[in-house]
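Colleague: I have a model open and would like to learn how to read it. Can we go through it feature by feature?

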Amino acid sequence: MKRWLAAVVLGLSLAGMARAAIDTYQFRDQAERERYQQLTKELRCPKCQNQDIADSNAPIAADLRREIFRMLGEGKSNQQIVDFMVDRYGDFVRYKPALSGRTWLLWFGPGILLAGGFVVLAVIVRRRRAPVASGAQQLSAEERERLAKLLEKEQTHD
């Protein structure tokens, strides 16, 4: 029974792999193949969102790979291809969007939040330390006298 169950699980997992998309494009040379691979790794799948179009099996990713191959065949540069994709799908399609007025928060936001956290932490630490230091100096004459007596008692017991 265990062997039959293992065979079924193995068969189902292999059936899923058989459906995986395989692109078979004929490139002019190795340089064009490398450009294709670089571009498909650099661009994000609009449907999958956290997967590049090289690894995605979504239909839109297959369309984007086909479009990249077509544009490479037309002799377009990498920048022209990326610009086309950004115009069509927005800055989201790039894993590393260009620094612009619309994306400055994306690039500098984490650093700003981290710096703000350090400022808040420093303010909290200073506020907690300040009452301790200033409270010791604001004792009345009566309290100082009582403190002195307590300290004398402590020294005599030692």
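Colleague: Over residues 104-125, what percentage of the chain is helix, and how far apart are the end C-alpha atoms?

Modeller: Keep in mind that this is a predicted model. Over residues 104-125 the chain is 100% helix and 0% strand. The end C-alpha atoms of that stretch are 31 Å apart.

Colleague: Which feature does UniProt place at residues 104-125?

Modeller: An unreviewed UniProt entry gives "transmembrane region" for residues 104-125. Treat that as an annotation, which may be inferred rather than shown by experiment.

Colleague: How many helices and strands does the protein chain have?

Modeller: The protein chain has 6 helices and 0 strands. Along the sequence, the pattern reads α-α-α-α-α-α.

Colleague: What share of the residues counts as buried?

Modeller: Of the 158 residues in the protein chain, 20% count as buried.

Colleague: Now the surface. Which residues form a nonpolar patch there?

Modeller: The patch is made of Leu99, Trp104, Leu105, Leu106, Trp107, Phe108 and Ile112. Together they have about 770 Å² of accessible area. Take Leu105 as one of them. Leu105 sits in helix H5, which covers residues 104-137.

Colleague: Is Leu105 buried or exposed?

Modeller: Use the cut-off. Exposed means over 50% relative accessible area. Leu105 has 53% relative accessibility, so Leu105 counts as exposed.

Colleague: On to the rings. How many aromatic pairs does the structure hold?

Modeller: There are 2 aromatic pairs. In one, the ring centres of Phe27 and Tyr36 are 5.2 Å apart and the planes stand at 50 degrees, so this pair is tilted. In the pair of Phe27 and Phe69, the centres are 5.4 Å apart and the planes stand at 80 degrees, so this pair is edge-to-face.

Colleague: Why does the pair of Phe27 and Phe69 tie together parts that are apart in sequence?

Modeller: Look at where each ring sits. Phe27 lies in the loop between helix H1 (2-18) and helix H2 (30-42), while Phe69 lies in helix H3 (residues 59-73), so the pair ties together parts 42 residues apart in sequence. Ring pairs link Phe27, Tyr36 and Phe69 into a cluster.

Colleague: What lies over the face of Phe92?

Modeller: Arg44 does, at 4.6 Å from the ring centre.

Colleague: Now charges. How should I think about salt bridges, and how many are there?

Modeller: Side chains of opposite charge can pair when their charged atoms come close. The structure holds 9 salt bridges. In one of them, the side chains of Arg66 and Asp63 meet at 2.3 Å, N to O. Arg66 and Asp63 are 3 residues apart in helix H3, so about one helical turn separates them. Arg66 is partly exposed, with a relative accessible area of 44%. Asp63 is also partly exposed, with 41%.

Colleague: Where do Glu67 and Arg70 lie?

Modeller: Both lie in helix H3, 3 residues apart, about one turn of the helix. Glu67 is buried, with a relative accessible area of 17%. Arg70 is partly exposed, with 36%.

Colleague: What about Lys76 and Glu74: how do their side chains meet?

Modeller: Lys76 and Glu74 meet in a salt bridge of 3.8 Å, N to O. Lys76 is partly exposed at 30% relative accessible area, and Glu74 is partly exposed at 46%. Salt bridges that share partners join Glu67, Arg70, Glu74 and Lys76 into one network.

Technical notes: Residues are numbered from 1 along each chain as its sequence is written. This is a predicted model: local features need pLDDT of at least 70, side-chain atom pairs count only at pLDDT 80 or more; totals for chains, interfaces and linings use all residues. Side-chain values use heavy atoms; hydrogens and water are left out. Patches are made of residues with over 30% relative accessible area and no salt bridge: like charges are joined within 9 Å, nonpolar side chains (Val, Leu, Ile, Met, Phe, Trp, Tyr) within 5 Å. Accessible areas come from the Shrake-Rupley method with a 1.4 Å probe; for residues, only the protein chains shown count as cover. A salt bridge is a side-chain nitrogen of Lys or Arg within 4 Å of a carboxyl oxygen of Asp or Glu. Helices (H or I, at least four residues) and strands (E, at least two) are DSSP runs, numbered from the N terminus. Buried means under 20% relative accessible area, exposed over 50%, partly exposed in between (1.4 Å probe, protein chains only). Rings of Phe, Tyr and Trp (its six-membered ring) pair if their centres lie within 6.5 Å; planes under 30 degrees apart count as stacked, over 60 as edge-to-face and the rest as tilted. A charge sits over a ring if NZ of Lys or CZ of Arg is within 6 Å of the ring centre and within 35 degrees of the ring normal.
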